[in-house]
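This report asks how a protein chain is arranged, from its overall make-up down to single side chains. The sequence and the structure come first, and the description follows.

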Amino acid sequence: MKINSKKMGQEEPEEETSSTQSNNSRTDLEEEEEEWNSKKQTLIIEVSERLIKGDLNTQIQAAKDIRKLVRKSASHSKTRSKFAAAGVIQPLVFMLFNSNLDARHASLLALLNLAVRNERNKIKIVTAGAVPPLVELLKFQNGSLQELTAAAILTLSAAESNKQTIVASGAAPFLVQILNSGSVQGKVDAVTALHNLSSCTKNSHPIVDSKAVPPLIELLKDCKKYSKFAEKATALLEIISDSEEGKIAIADSKGGILTLVVTVEDGSLASAEHAVGVLLSLCQSDRDKYRELILKEGAIPGLLQLTAEGTSEAQERARMLLDLLRETPEKKLASSVLEKLVYDIAARVDGSDKAAETAKRLLQEMVQRSMEISADRIQCLTASCTTTEISST
């Protein structure tokens with residue numbers, strides 16, 4: 001015989017007990033959280049007062065405590081905002097000017113933790129005057145301080161309104177120096193900071209020059225070509241390639257053109273676009289000088305692939321560069337070689353069953369593009385002749 005346990009009154013009391021225990025457990029957790037929040041608020045006020053009113057040693061310890069509390073807190077953003085509201089940013093910035101390196105180190109770590117993922121704090125820190133002492137710290141030969149400072153400038157430069165102040169401070173050349181001699185992490189942070197600053201619309205001059213080329217090429221060689229870091233490095237190289245000194249530095253850099261060719265082949269959509277932009281800039285400035293160097297490194301397959309797989313901008317750049325590489329009487333590619341290259345790329349893109357169709361389309365596009373360029377040139381020449389005839393009449 002089956003026993004109906006509900007009728008016997010056994011299940012429901014157990015469920016009620018379990019539910020009651022669960023509610024009690026939630027209540028306990030809520031009480032604990034409320035107690036911790038209250039305790040944390042008291043700690044924030046106490047630490048802030050020590051920082052604002054204490055002597056130097058007290059301030060150094062308070063700065064260390066700020067960092068600990070931010071890192072320990074489950075709600076980092078609220079804790080950062082509460083510390084800022086308590087008035088800790090200005091005294092921490094003042095500590096950056098102190099000759100005591102421990103004070104600088106402690107305040108730098110505290111400010112870095114207050115700025116991370118908090119746009120308002122980033123702006124407050126720069127407004128409080130943090131940039132000049134940070135630039136001075138970039139000059140230090142102390143590796144740890146220099147690396148922390150690069151990380152701080154990287155974090156602060158993520159806020160759009162901070163970029164002009166940081167660019168105007170002269171920080172960029174010192175970030176470039178870190179590219180040459182800093183630690184791996186310092187170099188990564190310096191590249192990212194320079195990339196952030198390069199988008200400053202108020203700056204009329206490039207923030208990086210040819211001195212940055214050798215370390216950027218070396219970093220690009222060693223990183224994964226489809227990484228975000230590669231995208232930032234190639235974007236900076238594209239900016240540098242706008243100047244004649246930059247072009248020469250890229251061409252003269254050991255393995256520079258080869259590294260860009262490899263990035264065109266293996267990079268992400270963004271890094272491939274920037275890399276082909278650099279190669280195009282070189283070839284457009286002096287085709288006779290740079291065409292052979294680019295062809296020598298086997299650029300054609302990657303460029304053909306980019307005409308099919310790249311962004312619209314990368315596709316256009318690749319087609320333009322292919323035209324420049326092909327337009328030379330001494331070094332024209334044999335049509336059979338070109339067709340084979342296009343077919344190989346098409347097979348990789350669409351598979352062997354559709355390769356012939358894709359290859360035909362790519363070749364037709366290249367021929368059409370070449371004809372359009374030739375027609376434009378003839379039209380320009382005709383217009384020039386007509387103008388000359390009219391003026392001489």
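## The nonpolar core

A nonpolar core is understood here as a set of buried Ala, Val, Leu, Ile, Met, Phe, Trp, Tyr and Cys residues that are joined through side-chain atoms within 4.5 Å. In this predicted model, the largest such core has 100 residues, and those with the most contacts inside it are Ile 66 and Leu 92. Helix H5, which spans residues 101-115, provides the largest share of this core, with 9 residues.

With neighbours within four places in sequence left aside, Ile 66 is in contact with Val 47, Leu 51, Phe 83, Val 88, Leu 92, Ala 110 and Leu 114.

## Overall make-up

The secondary structure of the protein consists of 21 helices and 0 strands. Of its 393 residues, 43% count as buried, and the accessible surface comes to about 21200 Å², with 52% of that area belonging to carbon and sulfur atoms. Among the contacts with a separation of 6 or more, 68% are made by residues 24 or more positions apart.

## Salt bridges within helices

The count of salt bridges comes to 10. One of them joins Arg 50 to Glu 46, with the closest N and O atoms 2.5 Å apart; both residues lie in helix H1 (residues 11-53), 4 residues apart, which is about one turn of the helix. An α-helix has 3.6 residues a turn, so residues three or four places apart point the same way. Arg 50 counts as partly exposed at 22% relative accessibility, and Glu 46 is likewise partly exposed at 33%. The pair also belongs to a network of salt bridges that links Glu 46, Arg 50 and Asp 65.

Arg 326 and Asp 323 form another salt bridge, their closest N and O atoms being 3.4 Å apart. Both are found in helix H19 (residues 312-326), where 3 residues, or about one turn of the helix, separate them. Asp 323 has a relative accessible area of 5%, and it is therefore buried.

In helix H12 (residues 213-222), Glu 218 and Lys 221 stand 3 residues apart, about one turn of the helix, and they form a salt bridge in which the closest N and O atoms are 3.0 Å apart. Glu 218 is partly exposed, with a relative accessible area of 36%, and Lys 221 is partly exposed as well, with 29%.

Gly 255, in the loop between H14 and helix H15 (256-266), brings a separate part of the chain into this picture. Its C-alpha atom is separated by 8.6 Å from that of Glu 218, although the two residues are 37 residues apart along the chain. Leaving aside neighbours within four places in sequence, Gly 255 is in contact with Ile 217 and Lys 221. With a relative accessible area of 31%, Gly 255 is itself partly exposed.

Lys 247 is found in helix H14 (residues 244-252). What is the nearest side chain of opposite charge to this buried residue? That side chain is Glu 244, at 4.7 Å, and Lys 247 has no salt bridge; the cut-off for a salt bridge is a nitrogen-to-oxygen distance within 4 Å.

A polar atom of the Lys 247 side chain does, however, lie 3.4 Å from the backbone oxygen of Asp 242. Apart from neighbours within four places in sequence, Lys 247 is in contact with Ile 240, Ser 241, Asp 242, Ser 281, Leu 282, Ser 285 and Tyr 290.

## A positive phi at Arg 117

Most residues other than glycine have a negative phi. Arg 117, in contrast, has a positive phi near 55 degrees. This residue is found in the loop between H5 and helix H6 (119-127), and its relative accessible area of 72% means that Arg 117 is exposed.

Note on methods:
Residues numbered from 1 in each chain as written. Predicted model: local features only at pLDDT ≥ 70, side-chain atom pairs only at ≥ 80, totals over all residues. Heavy atoms only, no water. Helix = DSSP H or I, 4+ residues; strand = E, 2+ residues; numbered from the N terminus. Buried < 20%, exposed > 50% of the residue type's maximum accessible area, 1.4 Å probe, protein only. Lys, Arg positive; Asp, Glu negative; His and termini not counted. Polar contact = N/O pair within 3.5 Å; in protein donor to acceptor, adjacent residues only side chain to side chain. Contact = heavy atoms within 4.5 Å. Areas by Shrake-Rupley, 256 points an atom, 1.4 Å probe, with all protein chains shown as cover.
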